[in-house]
Amino acid sequence: PCIKNASDIDVVWSQFVSWINNNTAFDEVIIIVAYNGEKCDMKWLWKLTQAPFTHLTLPSKIKFFMDPYKVMNHYKTCKLSKKFTKL
């Protein structure tokens with residue numbers, strides 16, 4: 001699909017929240033995992049859901065965020081860290 005023809009954020013966000021609610025059990029929580037997401041993806045999620053005057057909210061099941069890039073590079077012996085790979 002072409003982004004120029006995408007629905008507005010209210011429609012897309014509503015579909016996202018519905019998908020979360022329909023695909024997780026009552027007692028489950030969600031961890032968002034975004035590679036190098038701290039620098040980009042999470043900033044956009046914050047702007048959409050936490051910034052002043054926004055009307056969108058994260059689904060309550062989303063409890064945690066993890067950036068594998070940050071974790072890999074924090075632990076220098078990790079075989080996926082910059083020391084061992086060109087990721």
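## An aromatic pair across the chain

Let's start with Tyr35, which is partly exposed at 42% relative accessibility (buried means under 20% relative accessible area, exposed over 50%, and partly exposed in between, with a 1.4 Å probe and protein chains only). Tyr69 counts as buried at 19% relative accessibility. The ring centres of Tyr35 and Tyr69 lie 5.3 Å apart with the planes at 75°, so this pair is edge-to-face (rings of Phe, Tyr and Trp, the last by its six-membered ring, pair if their centres lie within 6.5 Å; planes under 30 degrees apart count as stacked, over 60 as edge-to-face and the rest as tilted). The pair links distant parts of the chain, 34 residues apart: Tyr35 sits in the loop between strand E1 (30–33) and helix H2 (41–49), and Tyr69 in helix H3 (residues 68–74). Helices (H or I, at least four residues) and strands (E, at least two) are DSSP runs, numbered from the N terminus.

## Model and confidence

This is a predicted model, in which local features need pLDDT of at least 70 and side-chain atom pairs count only at pLDDT 80 or more, while totals for chains, interfaces and linings use all residues. Residues are numbered from 1 along each chain as its sequence is written, and side-chain values use heavy atoms, leaving out hydrogens and water.

The protein chain has a mean pLDDT of 85, with 92% of its residues at 70 or more (pLDDT is the predictor's confidence in each residue, from 0 to 100).

## Helix H1

Helix H1 covers residues 9–23; at 1.5 Å a residue its 15 residues should span 21 Å, which agrees with the 21 Å between its end C-alpha atoms (the expected span is 1.5 Å times one less than the number of residues). Asp8 caps the N-terminal end of H1, with a side-chain oxygen 3.1 Å from the backbone nitrogen of Asp10.

A search of the whole structure finds 2 aromatic pairs. Trp13 and Phe16 form a tilted one, 5.0 Å centre to centre with 50° between the planes. These residues are 3 apart in helix H1, so about one helical turn separates them. Trp13 is buried at 9% relative accessible area, whereas Phe16 is partly exposed at 29%.

## Thr49 in helix H2

Thr49 lies in helix H2 and is buried, at 7% relative accessibility. Its side chain reaches the backbone oxygen of Leu45 at 2.7 Å (a polar contact is a pair of N or O atoms within 3.5 Å; within protein, one must be able to donate a hydrogen and the other to accept it, and residues adjacent in sequence count only if both atoms are side-chain atoms). Not counting residues up to four places away in sequence, Thr49 touches Trp13, Thr54, Leu56, Thr57 and Leu58 (contact means heavy atoms within 4.5 Å).
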